[in-house]
Amino acid sequence: NGTKRFKTVILKPFQRRSEMLDALIPQLFVKGLSVRDVSDAFGEVLQEGGVSPATASRVAQTIRQDFEAWRNRSLSGQEVLYLFVDGMYLKLHPDQPEKQPILIAYAILWSGRKVLLHVGLGDRESYEACLGFLRDMAERGLQAPLMYCSDDCPGLRKALKAMWPRSLPQKCQAHKLRNILSKLPRGVQAEFAKRIHAVFRARDYEEGLAKGRELIERYRSRFPNAMECLAKSLEECLTCLKLPYSHRIRVRTTNSLERLIEEGRRRTKVIGPMAGETSGLSLIHAVLVDASKRWHGIEVSSYILEKLEALRATIAPLAESA
């Protein structure tokens, strides 16, 4: 009668299929398929024209839109307990042979949940780049963590200390162990790995310091370079021993972040050259978000929370250091 809006039942299944494809295509990119892979796959499954590379590319722009919204979101609601920062290299410019450095940060919140916090350009060796990366999060409301963990890159370590001087520093024990062992003869590396593990996994911070200093003093003259490497940052390697026992194994290294980064490398490798910085960062963000869905949080019981609050009280109010 002209007063009702026309709706076709015939086209509804096709419309629904189109919506499903639009939602699915970005996920296939995230899983590591190229534009041509996506086009060919839909062509085989649908036994028709499938999805053209142009269409696949257009739909995949949602990845970029999601990234833009994500990297500008407020972080004021993220109450960070432990912060982890690491980096990777990715070829972002198709007309340039070298890869660009990317910084990645994730956190374990006071609730025990693990979240990806930030992805951006930056070299771990550059103090200015790392400080800018950290400031970006702080300017969006991120408060100082109780503890942060990273490898031994001087630029990154300096930036973390400058940004959050009252937070507890933890050097990645896996990186430190590899550095120490590389300065020892092959024949004694296995033995020393056990000795250093005994230091890193002591019952508490004081025992770890005592064992570490004893090991350094005992072998300083025989293996001066290795013992100097251990002595240089012994205290920061043992920070995790101040934490509740059940948390130590989860925060003493950046291994979880490294595994996430390796998954990002694996999936983006098949994509081929990126179209540019924003395109590349958008894709690595989507890949990391997808991979992080398998993360498991940590327990924060009332007893553990009491211990953490007591530790926080000894290092000054964190709000002042944000």
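Author: Helices here are DSSP runs of H or I with at least four residues, strands are runs of E with at least two, and both are numbered from the N terminus. The model is a predicted one, in which local features need pLDDT of at least 70 and side-chain atom pairs count only at pLDDT 80 or more, while totals for chains, interfaces and linings use all residues. Residues are numbered from 1 along each chain as its sequence is written, and side-chain values use heavy atoms, with hydrogens and water left out. By the run criterion, the protein chain has 15 helices and five strands.

Reader: Where is A202 found?

Author: A202 lies in the loop between α8 (186-200) and α9 (205-219).

Reader: What makes A202 count as buried?

Author: Buried means under 20% relative accessible area, exposed means over 50%, and partly exposed is in between (1.4 Å probe, protein chains only). A202 has 3% relative accessibility, so this residue counts as buried. Across the protein chain, buried residues make up 49% of the 322 residues.

Reader: Which residues does A202 touch?

Author: Contact means heavy atoms within 4.5 Å. Not counting residues up to four places away in sequence, A202 touches E207, G208, L241 and R248. A202 and L241 are 39 residues apart in sequence, with 7.4 Å from C-alpha to C-alpha. In the protein chain, 68% of the contacts with a separation of 6 or more are between residues 24 or more positions apart.

Reader: At what angle do α8 and α9 pack?

Author: Axes are lines fitted to C-alpha atoms, for helices over the stretch in contact, and angles between N-to-C directions run from 0 to 180 degrees. For α8 and α9 the angle is about 150°, and the axes are 8 Å apart. E191, F192, R195, I196, A198 and V199 in α8 meet G208, K211, G212, L215, R218 and Y219 in α9. These residues divide into six nonpolar, two polar and four charged. Nonpolar covers Ala, Val, Leu, Ile, Met, Phe, Trp, Tyr, Cys and Pro; charged covers Asp, Glu, Lys and Arg; the others, Gly among them, are polar.

Reader: Why is α5 called oblique to α6?

Author: Helix α5 (residues 127-139) and helix α6 (residues 154-163) pack at about 40°, with axes 8 Å apart. That angle makes α5 oblique to α6. Angles under 35 degrees count as roughly parallel, over 145 as roughly antiparallel, 65 to 115 as roughly perpendicular, and the rest as oblique.

Reader: What makes β3 and β5 the edges of the sheet?

Author: Two strands pair if DSSP finds at least two bridges between them. The five strands form an open sheet in the order β3-β2-β1-β4-β5, with mixed pairing. β3 (114-121) and β5 (168-171) each have a single partner strand, so one side of each is left without a neighbour in the sheet. The twist averages 20° from one strand to the next.

Reader: How many bridges join β1 to β2?

Author: The count is 10, and the two strands run antiparallel. F84 has Y106 as its bridge partner in β2. β1 and strand β4 (residues 147-150) pair in the parallel sense over three bridges, with F84 opposite C149 in β4. Strand β2 (residues 100-109) is joined to β3 by seven bridges, antiparallel, and A107 has V115 as its bridge partner in β3.

Reader: How many residues of β1 are buried?

Author: Of its 11 residues, 10 are buried, and β1 is mostly covered.
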